[in-house]
Amino acid sequence: MAVWRLQVNTGGTNAANYCLKNHVAAMGWSLRELTQAERSGIHTFLDYCKLARTQYKSFDSVCRMVEDVKEGDLLWMRSRNEGKYYIARVKANSTWVFREDAVQMDAANQLTNIDWYPATDKADEESVPGAVATSFIKGSTIQRIKKNGVEEYSQMLYNRVHDSALDLFNYPDPALSLCEKHFYSLLQPEDVEDLLALWLYDTKGYVCIPSTNKIATPKYECVLVDPNDLNRKHIYIQVKKGDVDLNTDDYSSLNGEVYLLTTDGNVQNAQKYSNVKVADPTVIYEFAINPDKSHIIPENVLYWVKFLTEIENNRLKFSACKGIMFDTNISYSDTDESEMILGNKIAAYGDAKRYIDSFRKDDYALFYSKGRGIIAVGQIVTDTPTEVGNEKYHSVRMIVPENFNGDVKALPALSPNEIKTILKRNFYWASTIKTPFLTGVQVEMLIRELKKKHISAFGKYKIEY
């Protein structure tokens with residue numbers, strides 16, 4: 001299958017509303033130069049082509065829509081006035097027609113039976129990947145989006161937003177997970193460049209000179225400076241995405257520090273020159289998913305982190321049970337943690353209340369205390385959450401601790417690093433619910449390790465403190 005984007009600014013008019021209302025994908029080359037009588041003989045696409053050749057040097061986009069767009073392909077459309085993004089699937093009964101009543105708005109060439117759905121509740125620039133948004137900047141009226149990750153993202157999005165009463169079809173979930181390999185596979189080369197530059201800013205205070213990023217140079221992507229160096233030391237970065245090798249010999253002549261990064265290749269002669277450094281792709285990956293750094297990570301990168309965790313969450317959605325590391329939000333109230341554990345419940349307050357709906361009966365709630373880690377584990381025992389004023393909660397059967405007197409600070413905790421080590425994987429920590437969700441087996445592993453901490457701290461597990 002393929003993913004396409006459709007420009008609907010035809011004839012000076014944005015035809016998005018027309019497409020939405022009439023369930024079509026529409027474009028121009030509508031033969032407005034001819035009379036209605038001359039157009040009345042159009043019954044097949046061949047009829048149209050014979051007339052179109054007399055009026056246009058090229059009508060490739062029409063041919064592409066009719067001949068190249070296939071059943072199962074996905075279409076993206078953007079409304080110019082609202083700036084909203086919509087997605088649709090080409091179905092078996094989607095066929096080409098020439099609509100005389102759409103000639104004057106220059107939208108007569110159409111694919112029928114196209115049901116459009118908003119990409120998200122907002123459906124604006126921040127709600128879609130950058131690879132989708134930038135595909136609308138220039139190009140043909142209809143063209144493929146071939147950027148990394150767009151096909152997988154579009155399939156999963158369509159599964160989530162489409163009306164199953166109108167279309168029973170669902171795409172298979174992509175075989176992706178939150179790991180370094182899949183993370184880099186979804187990024188654009190410029191995303192990796194941004195990450196390296198931001199990591200250098202975060203760790204060394206180096207600042208990028210924006211204009212240098214526009215200069216075509218084979219040896220470096222851009223130039224950075226050290227604001228604290230009165231000698232105006234220059235820093236150069238070179239980034240390669242994928243299985244591409246770099247050699248420090250090629251960069252040693254640059255007058256300044258050089259940082260080389262290849263996401264899946266090797267850097268040859270890594271220790272040969274003192275001014276040429278090698279950036280570890282694993283370190284850059286850890287930087288990108290670090291919750292303490294999320295405020296400086298570009299939206300395009302965070303989008304794919306969240307996308308990978310959502311894929312994994314979808315696999316667990318219909319399993320017997322799952323585990324969710326749930327932030328207790330001590331910044332909202334420093335008493336909520338003890339109240340939840342004493343009250344045998346997992347709760348959220350204010351805008352965060354919606355996250356409680358992620359739980360189902362028999363799921364595990366892992367109480368995550370900011371700055372510490374997992375301090376308690378319980379299992380959901382209610383079918384539906386209870387909402388009282390500004391609070392929404394599920395009742396739980398506490399597993400760890402079994403006895404509790406209210407002193408949260410005395411509770412041992414599994415830190416994020418310990419969690420990663422135990423489960424041999426990383427997570428996206430910068431949200432109320434830490435993702436991806438956990439399997440039952442993973443929860444049991446964490447429960448076992450948390451109980452060990454209780455034994456180490458108090459000499460035995462069942463103890464009141």
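**Pocket, buried asparagine and cores**

Tutor: In this predicted model, the second largest pocket has a volume of about 560 Å³.

Student: Which residues are the closest to the centre of that pocket?

Tutor: Pro291, Asp327, Lys370, Trp429 and Lys434, out of 27 residues that line the second largest pocket. Elements giving two or more residues to this lining are β18 (323–327), β19 (345–349) and α12 (416–423).

Student: How do the residues of the lining divide into nonpolar, polar and charged?

Tutor: The lining of the second largest pocket has 12 nonpolar, nine polar and six charged residues.

Student: Why is asparagine 314 called buried?

Tutor: Asparagine 314 has a relative accessible area of 17%. Buried means under 20%, so asparagine 314 counts as buried. Asparagine 314 lies in helix α10. Leaving aside neighbours within four places in sequence, asparagine 314 is in contact with Met156 and Asp173.

Student: Which residues have the most contacts inside the largest nonpolar core?

Tutor: They are Trp76, Phe183, Leu195, Leu196 and Leu200, in a core of 55 residues. Helix α10 (residues 299–316) gives the most to this core, with eight residues.

Student: What is leucine 196 in contact with, leaving aside its neighbours within four places in sequence?

Tutor: Leucine 196 is in contact with Ile237, Val239, Tyr259, Leu261, Ala279 and Ile284. Contact here means heavy atoms within 4.5 Å, so each of these partners meets that cut-off.

Notes
Residues are numbered from 1 along each chain as its sequence is written. This is a predicted model: local features need pLDDT of at least 70, side-chain atom pairs count only at pLDDT 80 or more; totals for chains, interfaces and linings use all residues. Side-chain values use heavy atoms; hydrogens and water are left out. A nonpolar core is a set of buried Ala, Val, Leu, Ile, Met, Phe, Trp, Tyr and Cys residues joined through side-chain atoms within 4.5 Å. Buried means under 20% relative accessible area, exposed over 50%, partly exposed in between (1.4 Å probe, protein chains only). Helices (H or I, at least four residues) and strands (E, at least two) are DSSP runs, numbered from the N terminus. On a 1 Å grid over the protein atoms alone, a cavity is a set of points where a 1.4 Å probe fits but cannot get out, and a pocket is an open set with protein on both sides within 12 Å along at least five of seven lines; lining residues have an atom within 4 Å of a point. Grid points are joined across faces, edges and corners, and a volume is the space filled by probe spheres set on the points. Ala, Val, Leu, Ile, Met, Phe, Trp, Tyr, Cys and Pro count as nonpolar, Asp, Glu, Lys and Arg as charged, and the others, Gly among them, as polar.
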